[in-house]
Amino acid sequence: MNPREEAQHRVEELRREIHKHGHAYYTLDDPRITDHEYDQLFQELVDLEEQFPEFHSESSPTQRVGSKLAGAFAEIRHAVSMLSLNNVFTDQDARDFDRRIREVTEADTVEYLVEPKIDGLAVSLVYEHRKLIQGATRGDGEFGEDVTRNVRTIRSVPLELLTDSTPALLEVRGEVFMGRKGFELLNRRLIQEEAERERIKQEKAKESGKDISTDQSESDGGQANSVSKTDAKGEEVSVLSPTNNVSKPAKRVTYMNPRNAAAGSLRQLDPLVTSKRPLDAMFYSIARYEGPTPPESQFDQLELLKKLGFKVSPEAKLAHGIEECLKVHQSLLDNRDRIDYDIDGVVYKVNSTADQEKLGFVTRAPRWAAAHKFPAQERTTTVKEIDIQIGRTGAASPVARLKPVEVAGVVVSNATLHNEDEIRRLDVRVGDTVIIRRAGDVIPQVVRVIEDQRPEGTEPYKFPTECPVCGSSIVRDEDAAVSRCTGKLICQAQLIQGISYFVSRGAMDIEGLGPAVVGELVDQSLVHDVADLYRLTVDQIMSLERMAEKSTRNLLTAIEKSKQTTMPKFLVALGIPHVGESTAMILSQEFSTLEELMSKSQAELSEVHGIGPIVAEGIDSFFSDERNRRTIEDLINCGVEFETSATNKRLASTLQSQKFVLTGTLSEMTRTEAKKQLEARGASVISSVSKNIDYVVVGENPGSKAKKAQELGIEILDEAQFAAMLAEIEDSG
């Protein structure tokens with residue numbers, strides 16, 4: 001086969017693949033590959049068609065925008081086609097895009113409007129004489145679905161334009177999306193509703209004496225009718241059967257991600273269902289305008305949209321030249337997890353409307369705009385093994401060992417599977433092809449299994465009944481999804497992780513005692529509990545691998561230094577169930593001594609503000625265990641000591657009711673550490689600047705928050721002034 005024939009064969013193959021995946025994504029809301037992989041296939045086809053123009057075809061997916069309609073809604077023809085955007089993936093791609101713009105416009109520097117690319121559902125709204133008359137989805141770009149009744153339920157969509165001086169006709173384009181918090185709440189509610197339906201079904205079956213667990217036809221049929229068609233395009237969940245307390249796979253009632261949730265919610269056949277979904281919308285352009293003085297730039301369009309009552313992106317800004325665009329792209333990439341809605345890139349648009357007209361369009365996209373995509377946060381890989389890791393509390397956590405793959409710039413070879421219910425819900429098996437996700441610093445997780453790529457002969461995973469470390473029984477917690485090793489002190493995994501937690505920075509903070517050193521100390525029987533750390537000798541430490549005289553002396557110094565600690569850190573180090581830093585601070589401020597805390601009953605602990613019944617039960621159970629009491633006594637006998645509650649109470653009142661904002665990079669401490677220092681002194685740390693803020697602490701590269709603080713007349717502290725404030729408070733005690 002010659003190169004031309006090979007190219008033709010590949011073009012035909014790519015068109016089939018892209019059509020199939022486009023149908024699954026746009027029409028079924030059920031993607032079979034990740035966005036990154038779809039983009040790669042599409043770009044390969046674009047490149048081949050440009051290289052071999054003789055293969056041009058009107059039926060190619062490069063010649064249209066979206067996909068065929070699902071058929072559930074009336075069809076609307078767009079007066080102005082809803083085009084998609086060409087993608088760029090690298091900084092050099094963006095510079096090439098800018099070069100082509102400058103060649104046509106003959107400008108040395110081009111002004112762009114830069115906006116985040118919201119991962120939602122594109123819509124078009126039409127207004128006549130101020131009133132909303134039509135809402136439509138993108139569809140295939142030429143025809144969309146009439147979702148007017150559903151769009152009207154979204155609170156951020158104006159039903160009537162705000163000002164009197166409005167155009168007689170206005171068509172705007174925007175994105176309907178769902179914020180992450182709303183998405184999580186929706187999925188939680190859908191699970192609860194399905195569990196309640198299942199409970200009612202079980203009760204009815206019980207009354208009639210019918211065993212529905214073996215009634216396949218009813219299990220697959222009757223209840224599914226109570227879930228809308230679009231709901232069924234979500235993800236499978238595990239519902240606890242009230243009759244036998246056994247978790248079993250249920251129908252698909254939750255959504256896989258916020259984009260699917262937004263699409264499914266907007267396309268509900270019943271607008272009442274849509275009205276109960278946490279949908280939002282932002283708008284970014286005007287497609288038709290019949291009125292006085294049309295906007296002359298993309299930025300002017302946004303300003304007019306705001307004036308008319310539309311929500312626009314607060315992140316949108318003007319950039320002079322492509323290098324400024326790239327800085328905005330990097331900033332949004334670095335901060336994407338602080339935004340409540342998903343964005344998958346940044347859009348660059350030539351700001352001048354006149355230049356846009358000069359640049360024109362290609363078949364499916366404007367030449368004057370491009371979407372600079374972020375590195376993929378989802379990728380496809382295969383599961384090599386499923387292992388069980390034992391945590392410090394004995395929790396048995398399944399982990400998928402993966403064929404290594406790069407996700408969001410990091411090579412990932414492991415992904416959490418959370419618990420037995422999650423494995424059953426996903427039905428993940430060794431050998432499966434899976435989609436994994438990594439957002440920000442979140443531990444990679446398996447999103448879904450691609451079942452049509454499952455190898456033959458695979459078996460459902462069976463959760464182990466014995467600990468892989470010590471051989472003790474693994475028992476599931478009552479009324480919880482967590483399974484635990486019952487080995488406790490005989491399980492080395494629990495001992496190693498418990499000691500590693502005890503010496504960590506947020507606890508006793510013993511520098512030089514990493515997991516490897518702790519593991520060796522336990523393996524050589526030099527340490528049997530945390531108190532043994534304070535009995536270690538020079539000879540014992542120097543017997544370990546890679547421990548020379550200097551590192552041994554440094555470690556012993558760090559161990560000795562850790563004896564002088566605080567009551568909150570000591571409580572955290574003990575590993576009391578549900579007691580983290582904030583709860584430890586509450587307890588240390590409430591009780592004058594550790595002895596007083598240990599003497600309180602569960603009922604008395606529950607009365608403390610900020611301590612709920614579950615936390616109180618965990619604390620009471622911990623201090624009721626004689627082994628834990630002996631360990632605490634042993635630690636105190638070894639010289640561990642901390643300040644009294646009176647000191648904590650004084651410290652906690654010094655900045656009471658003061659509000660701080662932290663911005664920029666601090667050199668002497670992390671922002672997390674600065675936040676802890678402020679909260680320990682009674683202050684609140686707020687994420688945004690307003691007139692109610694008392695201080696803004698500014699590090700390097702502070703961004704817009706410092707400027708806003710200046711405009712509002714808020715006192716600004718640099719890092720040296722902030723450190724001096726903390727030192728002065730410390731000295732005043």
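User: In this predicted model, which strands does helix 24 lie across, and at about what angle does the helix run to strand 23?

Analyst: Helix 24, made of residues 671-680, lies across strand 23 and strand 24, and its direction is at about 170° to that of strand 23.

User: How should I read the sheet to which these strands belong, and in what order do its strands come?

Analyst: The general idea is that strands of a sheet pair through backbone hydrogen bonds, and that this pairing may be either parallel or antiparallel. In this structure four strands make up an open sheet, in the order 24-23-25-26, and the pairing is parallel. Strand 24 (684-686) and strand 26 (715-718) are the edge strands, each of which pairs on one side only, while from one strand to the next the twist averages 30°.

User: How many bridges join strand 23 to strand 24, and which residue of strand 24 stands opposite F660?

Analyst: Strand 23, which covers residues 659-663, is joined to strand 24 by three bridges, and the two run parallel. The residue that F660 faces in strand 24 is V685.

User: How is a pair of aromatic rings described, and how many aromatic pairs does the count come to here?

Analyst: In general, a pair of aromatic rings is described by two values, the distance of the centres and the angle of the planes. In this model the count comes to nine aromatic pairs. One of them joins F52 and F55, a stacked pair with 5.5 Å centre to centre and 25° between the planes, and both F52 and F55 are buried. F660 and Y695 form a stacked pair as well, with 5.0 Å centre to centre and 25° between the planes. This pair links distant parts of the chain, since F660 belongs to strand 23 and Y695 to strand 25 (residues 695-698), 35 residues apart.

User: Why does Y695 count as buried?

Analyst: Y695 counts as buried because its relative accessibility is 16%, and the cut-off for buried is under 20%. F660 is buried too, with a relative accessible area of 0%.

User: Which residues do ring pairs link into a cluster?

Analyst: The cluster linked by ring pairs consists of Y127, F283 and F310.

User: At what angle do helix 13 and helix 14 pack, and which residues meet there?

Analyst: Helix 13 (residues 492-502) and helix 14 (residues 515-523) pack at about 135°, with their axes 9 Å apart, so the two helices are oblique to each other. Their crossing is right-handed. Among the residues that meet are L495 and I499 from helix 13, and V518 and V522 from helix 14.

Terms used:
Residues numbered from 1 in each chain as written. Predicted model: local features only at pLDDT ≥ 70, side-chain atom pairs only at ≥ 80, totals over all residues. Heavy atoms only, no water. Pairing = 2+ DSSP bridges. Axes fitted to C-alpha atoms, helices over the stretch in contact; angles between N-to-C directions. Contact = heavy atoms within 4.5 Å. Phe/Tyr/Trp six-rings, centres within 6.5 Å; stacked < 30°, edge-to-face > 60°. Buried < 20%, exposed > 50% of the residue type's maximum accessible area, 1.4 Å probe, protein only. Parallel < 35°, antiparallel > 145°, perpendicular 65-115°, else oblique. Left-handed = near helix turned anticlockwise from the far one by under 90°.
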